[in-house]
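Please look at the model below and follow how its two chains meet.

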Amino acid sequence: MGEEEEVKLLGTWYSPVVLRAKIALRLKSVDYDYVEEDLFGSKSELLLKSNPVYKKVPVLIHNSKPVCESLNIVEYIDETWNSSEPSILPSHPHDRALARFWSAFVDDKWFQALMAAVVTKSEDAKAKGMEEVEEGLLQLEDAFIALSKGKSFFGGETIGLMDICLGSFLVFFKAREKLKKEKILDELKTPSLYRWANRFLSDEMVKNVVPEIDRVAKFIVELEDRAQSVALSS
Amino acid sequence: MAERSESEEVKLLGMWASPFSRRIEIALTLKGVSYEFSEEDITNKSSLLLQLNPVYKMIPVLVHNGKPISESLVILEYIDETWRDNPILPQDPYEKAMARFWAKFVDEQIYVTAMKVVGKIGEERDAVVEATRDLLMFLEKELVGKDFFGGRSLGFVDIVATLVAFWLMRTEEIVGVKVVPVDKFPEIHRWVKNLLGNDVIKKCIPPEDEHLQYIRARMEKLNVKSA
C-alpha cells in the first residue's frame, strides 16, 4: 500500500458491530485513528458526511473514502490488506459462501430474534422469541462443526468472518448473564459454541480489543433506565 | 477457481416471477454458464428445496456439483468467484465495497419499504410512497453520468436492482401509483432503458404480460384493489 495511509474508524466503545471492524484491523495489524461518536448527543459532521444513508457506526475511512456496514468493512479490510495474514475470508468460493451465509443469518435472522425477545414486554412474545433464538443457536452449533472442520474457529485455524460476526456479541451476552443471570450460550445445549466463545474471547487478537464486561453491564443498566424514563415521561 | 468441465453440474431451484431467482439467472447467463432450472411452487415447497435450504426454506438455491448455496447475494458472489468471465463485481476493493453496500440497500431498504405500498390506501400509502422515493433518490444520484450502476456495463448492483426496474416499476401499473415518476427520477428511467437494451436482461426477466397477470392475481388474492 502507499506511504500515506490514512485509516480512521468512527465508532462507539460499546457497539458490537464497531468491534468487528476493530478486530479485523487488529488481525491485519493496521494502524488507525479511532473517533468515538456520541450517539446519545449529536453525531459528528464527519459521520453524517461519511454515512449519509444510514448515519450509523462503524464507518471506516481509508484515504478519505468511507466504507459503511460492518461486514462490508471486514471484507474490505481483508481484501485491502491482503498481504497480511491471516485471511479473514477462506479461499475457496464455497467456503466463502458459507461464511457469508452464516454471517447474514446471524445479523438478519438470529440477532433480530434475540433483540425482539429481549425488548418485548409481553411474556408470550419473549418465550416465543427465545425459542427462535435457541433454535438458531442449535443451527449455529451445527454450522460451527461444519465450518471449523475440527479446528478452533469458524474460520479454521484462525479467526474468520463468522468468528468476528458472532463473536462481536459475546461480551454483551456475558454482561447480560452477569446482570440478569440469563444465559444465552448454554454449555450443555451448544457445547462447541460454548467452548468456541471462551477461545475467541481469550484470543490475543480479541482480548485487548473487546470492552470490559463490567463496563458493558453498567451500560446496559443505563440504557434500560433511559428507556424506562422515556416510557414514563411519554 | 473451478475449471469448466463436462461433469460440472449447475442447478438452480427458482421461481419464474421472483426477482431474487431471476437475478441468479441473469448472472449465470452473463457468464455463459449452463444450468438446469427447477421451478418451485412456493405454495407447496418440494422436499428437495426443504432439504437444500433448511434454514430459510426459500428460493433461489444454487446447487453446484452437489453443494447447495442459498441467499441471492451470497449466490451472486459465489458465481462471480467461480466463473471468472464477464466479472460482475469490480476488482478494486473500494468499488467492490460500494457495490455490496448498494446491493444490500436495494434489498434491505428499498424492497422492504416498497413492499408496504401494496395493501395500503390513502394517507398511509402516501407516506410509504414518500419513504420509498426518498430511498430511490440515493440510487438516482448514483446513476448520474453512468449508463449502469456498474459504469459502462452491467454489474452487481444493476443485477440486484432489476428488482426496482422490473418488479417495483411493473407493480406501479397495477396498484395505480407512480412510485417512480420520470420527472423525479430521470436517471432511473434512463437506466431502465439501458437495461432493456441488453440481451441478457431481455432474455432473463419475466415476460411482461404474464408477469403483470401474475401480480394482478396475487393482489386479488390479498384483496388489494387494482387500478
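Trp102(A) and Phe105(A) stand three residues apart in helix H4 (residues 93-119) of chain A, so about one helical turn separates them; helices here are DSSP runs of H or I with at least four residues, strands are runs of E with at least two, and both are numbered from the N terminus. This is a predicted model, in which local features need pLDDT of at least 70 and side-chain atom pairs pLDDT 80 or more, while totals for chains, interfaces and linings use all residues. Residues are numbered from 1 along each chain as its sequence is written, chains are lettered from A and ligands numbered from 1 in the order in which they are written, and side-chain values use heavy atoms, without hydrogens and water.

Trp102(A) is buried, at 10% relative accessible area, and Phe105(A) is buried at 1% (buried means under 20%, exposed over 50%, partly exposed in between, with a 1.4 Å probe and protein chains only). Phe105(A) also forms an edge-to-face aromatic pair with Tyr56(B), 6.3 Å centre to centre with 70 degrees between the planes (rings of Phe, Tyr and Trp, the last by its six-membered ring, pair if their centres lie within 6.5 Å; planes under 30 degrees apart are stacked, over 60 edge-to-face, the rest tilted). This pair crosses between chains, and Tyr56(B) sits in the loop between helix H2 (47-52) and strand S3 (61-64) of chain B.

The contact takes 25 residues from chain B and 25 residues from chain A (contact means heavy atoms within 4.5 Å). Between the chains there are five salt bridges (a side-chain nitrogen of Lys or Arg within 4 Å of a carboxyl oxygen of Asp or Glu). Arg100(B) and Glu79(A) meet in a salt bridge at 3.2 Å, N to O. H4(B) gives the most to the side of chain B that touches chain A, with 12 residues.
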